[in-house]
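Hello,

Here is the structure I promised to pass on. Please open it first, then read my notes below.

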Amino acid sequence: METAFINTPLGIAKLEGDDLGLSSIIVLNGEENISTEIPHTLKNAVNQLQQYFTGERNGFDITLNPKGTAFQKRVWEALLKIPYGKTVSYLDLSKTLGDPKAIRAVAAANGKNPLWIIVPCHRVIGSDGSLTGYAGGLHRKKWLLEHESPVKQQSLF
C-alpha cells in the first residue's frame with residue numbers, strides 16, 4: 001500500500017492505494033507533511049483531484065479498490081451514479097437500492113465511505129434538504145456542494 005499527502009482547499013488529503021486501485025482518500029484535520037514525491041500508483045488520482053478542485057474536472061476515471069462489506073460496496077456504487085452538481089436524499093438512495101426501509105443502513109454505509117470526493121457521499125442530504133452528517137465535517141460537505149453547484153452565488157458581505 002502506498003500513501004501520498006496532498007494539499008487541497010479542504011485541508012491535507014491522505015490517499016492510499018496500490019496497483020489494484022485507490023483504496024482510501026480522506027481529508028485530515030491535523031497537520032501532515034505534503035508528499036514531495038507521489039508514488040506512481042497514485043499519480044493519476046492526485047492529478048484528477050487537483051483538476052477537480054480547480055474546476056477543470058467534474059468526474060473521475062480512477063480504478064477504485066475500497067475495502068468494505070458487500071452492502072457497503074453496493075451503496076458506494078450507487079453514490080457513483082449521482083451526477084455532479086446534483087443531490088439525493090438518504091431515502092432516495094435507499095429506494096434506488098430497492099429497500100426504502102434500509103435508510104439507516106444506507107446512511108451508515110455512506111458514513112463509512114473511504115473514498116471521499118471521488119465516491120460522492122457529500123451529495124446525499126436529508127429529505128428536508130438539510131446538510132445532515134458528513135464524516136469530514138459539515139463545513140467540508142457545504143464547501144463541496146457549493147463547489148459543484150451550477151449556480152455560483154456571490155457573497156453579500
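Predicted model: local features only at pLDDT ≥ 70, side-chain atom pairs only at ≥ 80, totals over all residues.

W143 has a relative accessible area of 27%, so it is partly exposed. Buried would need under 20%.

W143 belongs to one aromatic cluster, together with Y52, F53, F60 and Y84. The count of aromatic pairs comes to 5. Two of them are worth a look.

Y52 and Y84 pair edge-to-face. Their centres are 6.4 Å apart, with 85 degrees between the planes. Y52 sits in helix α1 (residues 40-53), and Y84 in the loop between α2 and β4, 32 residues apart. Y52 is at 0% relative accessibility, so it counts as buried. Y84, at 26%, counts as partly exposed.

F53 and W143 form a tilted pair. Here the figures are 5.8 Å centre to centre and 50 degrees between the planes. F53 is in helix α1 and W143 in helix α5 (residues 138-148), 90 residues apart. F53 is buried, at 13% relative accessible area.

Next, H122. This residue lies in the loop between α4 and β5. H122 counts as buried because its relative accessibility is 0%. Its side chain makes a polar contact of 2.9 Å with that of E148. Beyond its sequence neighbours within four places, H122 also touches residues including Y52, Y134 and L144.

Last, two helices. The axes of α2 (residues 70-79) and α4 (residues 103-111) come within 9 Å and cross at roughly 80 degrees. That makes α2 roughly perpendicular to α4. Their contact has 7 nonpolar residues, 2 polar and no charged ones. Among those meeting there are F71 and W76 from α2, and V106 and N110 from α4.

Best wishes

Definitions and conventions:
Residues numbered from 1 in each chain as written. Heavy atoms only, no water. Axes fitted to C-alpha atoms, helices over the stretch in contact; angles between N-to-C directions. Helix = DSSP H or I, 4+ residues; strand = E, 2+ residues; numbered from the N terminus. Parallel < 35°, antiparallel > 145°, perpendicular 65-115°, else oblique. Contact = heavy atoms within 4.5 Å. Nonpolar A, V, L, I, M, F, W, Y, C, P; charged D, E, K, R; others polar. Buried < 20%, exposed > 50% of the residue type's maximum accessible area, 1.4 Å probe, protein only. Polar contact = N/O pair within 3.5 Å; in protein donor to acceptor, adjacent residues only side chain to side chain. Phe/Tyr/Trp six-rings, centres within 6.5 Å; stacked < 30°, edge-to-face > 60°.
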